[in-house]
Amino acid sequence: MNNVKVGIIMGSQSDWPTMREAAEILDALDVPYEARIVSAHRTPDRLWDYGKTAVDRGLHVIIAGAGGAAHLPGMMASKTRVPVIGVPVQTKALSGVDSLYSIVQMPKGFPVATMAIGSAGAANAGLMAAGILANGDPALAQRLDDWRAALSASIPEDPQDD
Ligand code: RP5
């Protein structure tokens with residue numbers, strides 16, 4: 001066991017520019033994480049091993065991003081009870097609607113908490129993971145509250161001309 005409680009996994013290197021948004025949120029909140037390429041189709045044995053060992057390795061949340069036929073989050077949810085947050089990566093062909101539908105429509109019994117398409121979804125996945133961990137970590141809860149307050153404070157009340 002180590003103190004890494006969040007796993008960020010993605011189907012391809014090409015997903016990293018999106019999934020890095022989750023990592024950057026976790027960096028900002030001082031939450032340790034690991035990041036791995038785990039493809040449902042190209043490295044199924046790696047997916048199986050990752051899911052099989054997730055509980056014993058101390059993971060509390062898995063953020064899984066994939067695009068197109070995005071089976072990674074759902075397959076991971078089938079292999080471990082560690083909560084899986086799914087990020088539909090935006091695709092060229094279908095703008096990520098394919099990814100969204102592939103991730104969100106899970107059968108009863110195996111949930112994936114599905115975020116928005118693309119970078120906003122990835123950033124929110126980081127915040128969601130931090131929020132889950134914050135329930136048992138008062139210091140993290142304070143950092144998350146501060147982060148949210150700072151975001152609110154950065155929003156001007158009055159619109160400005162360009
Ligand atoms: C999926 O196929 C990946 O998650 C990625 O979003 C998409 C395209 O992968 P590459 O062809 O760029 O490796 O498995």
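**Notes on a predicted model**

1. The UniProt record, in an unreviewed entry, places the feature "binding site" at Ser12, Asp15 and Arg42. These residues are spread over 31 residues of sequence, yet they cluster in space, with a largest C-alpha distance of 14.2 Å.

2. Ser12 counts as partly exposed because it has 18 C-beta neighbours inside 10 Å, a number between the limit of 12 or fewer for exposed residues and that of 20 or more for buried ones. Leaving aside residues up to four places away in sequence, Ser12 touches Ile37 and Ser39.

3. Is Arg42 buried or exposed? Arg42 is exposed, because 11 other C-beta atoms lie within 10 Å.

4. Helix α3, which spans residues 72-79, is mostly covered, since six of its eight residues are buried. The buried residues are Leu72, Pro73, Gly74, Met75, Met76 and Ala77, and they pack against β1, α2, β3 (61-67), β4 (84-89) and α4 (97-104).

5. Ala64 belongs to strand β3, which is one of the elements that the buried residues of α3 pack against. With 30 C-beta neighbours inside 10 Å, Ala64 counts as buried, because the cut-off for that class is 20 or more. Its contacts, not counting residues up to four places away in sequence, are Ile9, Leu72, Pro73, Met76, Val84, Gly86 and Val87; Leu72, Pro73 and Met76 are among the buried residues of α3. The C-alpha atoms of Ala64 and Arg148 are separated by 23 Å, and the two residues are 84 residues apart along the chain.

6. A further point concerns the pairing of helix α5 (residues 119-134) with helix α6 (residues 138-153), which pack at an angle of about 140 degrees with their axes 8 Å apart. That angle makes α5 oblique to α6, because only angles over 145 degrees would count as roughly antiparallel. The crossing of α5 past α6 is left-handed. On the α5 side the contact is made by Ala130, Gly131, Leu133 and Ala134, and on the α6 side by Leu140, Ala141 and Leu144. Six of these contact residues are nonpolar, one is polar and none is charged.

Methods
Residues numbered from 1 in each chain as written. Predicted model: local features only at pLDDT ≥ 70, side-chain atom pairs only at ≥ 80, totals over all residues. UniProt positions renumbered as here; feature names shortened; annotations may be inferred. Contact = placed C-beta atoms within 7 Å. Axes fitted to C-alpha atoms, helices over the stretch in contact; angles between N-to-C directions. Helix = DSSP H or I, 4+ residues; strand = E, 2+ residues; numbered from the N terminus. Parallel < 35°, antiparallel > 145°, perpendicular 65-115°, else oblique. Left-handed = near helix turned anticlockwise from the far one by under 90°. Nonpolar A, V, L, I, M, F, W, Y, C, P; charged D, E, K, R; others polar.
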